[in-house]
Amino acid sequence: MPDAPLLSPLALGELSLANRIVMAPMTRNRALAGDLPGPLAVEYYGARASAGLIITEGTWPVPDGKGYARTPGIGSSAQAQGWRQVSEAVHGAGGRIVMQLMHCGRIGSHLNKAPGTRTLAPSAIRAAGRIFTDAAGLVDFDVPEALTLREVADAIEAFAAAARAARAAGFDGVELHAASGYLPMQFLSTGTNRRTDAYGGSLFGRLRFVIETIEALVAACGSGRVGIRICPGNTFNDLHDADPRATYGALLQALSPLGLAYLHVVRSPDPALDAFGLAAEHYRGARILNDGFDFESGNTAVRSGAADAISYARAFIANPDFVERSREGWPLASFDRRTLYTPGPEGYTSYPAYRAGS
Ligand SMILES: Cc1cc2nc3c(=O)[nH]c(=O)nc-3n(C[C@H](O)[C@H](O)[C@H](O)COP(=O)(O)O)c2cc1C
């Protein structure tokens with residue numbers, strides 16, 4: 001395709017991408033016993049290595065941070081070994097891969113967690129809604145315990161340790177998942193953060209956890225290998241913030257001087273809130289935009305300067321060769337919703353590349 005800026009290379013901090021098509025993070029619930037990625041994950045990610053950058057599924061830094069069934073962690077040596085196979089497969093095929101660090105906070109059920117682990121949040125407020133468990137189907141979210149100051153410090157250190165483990169397992173960097181109603185966003189938002197100590201109580205207090213976590217990740221990996229994902233105004237997982245414009249404007253201004261590899265912005269579900277515009281206004285640095293783009297609209301966004309890169313999630317599910325299909329104008333396959341989160345290869349590694357399937 002002539003004039004397809006998505007297909008041009010890009011440097012994001014220390015990450016050199018062959019193109020600007022990023023595979024967005026997707027939880028696929030295929031982790032094996034021990035919460036580690038197995039051979040299927042190696043095959044799945046390796047087959048998608050033509051993306052300029054792969055961002056892994058949300059990976060918990062510490063067992064308390066696990067929320068969902070069959071989701072992987074990065075802590076034990078078996079987990080690190082599993083992830084090393086993944087990074088080697090992607091690098092062997094010429095790709096780049098960062099690990100998304102996702103601490104679910106109050107979004108979880110003890111039925112999905114290892115015995116003895118806890119469900120922790122900024123404040124002891126249970127999220128409305130239910131979560132799937134293999135043991136009992138849909139159940140209410142746990143009532144979380146409010147993190148003590150000591151435990152806040154431990155959680156930040158757990159993110160840093162996870163980042164070090166990801167780098168040691170060959171990953172090019174890490175992304176902090178600060179969207180979708182998980183722990184970092186729980187700290188940012190007025191509905192979930194009712195603390196009166198240094199990690200709440202004021203706008204800066206609500207930002208502090210995310211800023212200190214990013215600083216810890218930067219200390220662990222270097223700023224050029226750290227990204228952050230935000231979605232201002234998202235209400236997913238019973239999230240509410242009284243003034244997302246103020247919250248994210250201030251957050252982005254605080255993050256700007258840190259020289260991160262990238263800011264990853266998900267379109268706001270609130271049509272009155274222009275998350276991309278907010279990011280352009282308040283953040284100086286590379287921006288990856290997400291949600292609902294196709295190849296054409298992604299090229300338009302990069303061409304106009306609105307984005308440095310575009311991330312695609314659903315397009316990669318049934319199209320491991322999404323980049324090649326886009327470049328060649330080949331048709332896209334559609335995916336089966338029923339096998340999004342089920343164990344095993346069906347709906348995961350069962351989608352062929354275009355040539356193999358034609
Ligand atoms: C199956 C599935 C799993 C997802 N898991 C995650 C996740 O682990 N972390 C995350 O930040 N976003 C997750 N998302 C959101 C996607 O990264 C993305 O924001 C969303 O699908 C919109 O992008 P798209 O229009 O390109 O699909 C998930 C989406 C899907 C469809």
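How many bridges join strand 7 to strand 8, and how do the two run? Four bridges join strand 7 (residues 130-133) to strand 8 (residues 137-140), and the pair runs antiparallel. Pairing here takes at least two bridges found by DSSP between two strands. A hairpin of three residues links strand 7 to strand 8, and phenylalanine 132 sits opposite leucine 138 in strand 8.

A word on the model itself: it is predicted, so local features need pLDDT of at least 70 and side-chain atom pairs count only at pLDDT 80 or more, while totals for chains, interfaces and linings use all residues. Residue numbers start from 1 along each chain as its sequence is written. Elements are DSSP runs numbered from the N terminus, with helices being H or I of at least four residues and strands being E of at least two.

On to the helices. Helix 5 (residues 203-221) packs on helix 6 at an angle of about 40°, with the axes 10 Å apart; axes are lines fitted to C-alpha atoms, for helices over the stretch in contact, and angles run from 0 to 180 degrees between N-to-C directions. The two are therefore oblique to each other, since angles under 35 degrees count as roughly parallel, over 145 as roughly antiparallel, 65 to 115 as roughly perpendicular and the rest as oblique. On the helix 5 side, the contact (C-beta atoms, placed from the backbone, within 7 Å) is made by Leu203, Arg206, Leu207, Val210, Ile211 and Ile214. Helix 6 brings Ala246, Thr247, Ala250, Leu251, Ala254 and Leu255. By class, that contact comes to ten nonpolar residues, one polar and one charged; Ala, Val, Leu, Ile, Met, Phe, Trp, Tyr, Cys and Pro count as nonpolar, Asp, Glu, Lys and Arg as charged, and the others, Gly among them, as polar.

Helix 6 (residues 244-255) also packs on helix 7 (residues 275-282), again at about 40°, with axes 9 Å apart. That makes helix 6 oblique to helix 7. Here Arg245, Tyr248, Gly249, Leu252 and Gln253 of helix 6 meet Leu278, Ala279 and His282 of helix 7.

Finally, the ligand. It is surrounded by 20 residues, with Ala24, Thr27, Gly58, Ala313 and Arg314 the closest; a residue is near a molecule if its C-beta atom, placed from the backbone, lies within 6 Å of it. Strand 4 (53-59) and helix 9 (314-317) are the elements that give two or more residues to this shell. Its makeup is nine nonpolar, seven polar and four charged residues.

Note on methods: Two residues are in contact if their C-beta atoms, placed from the backbone, lie within 7 Å.
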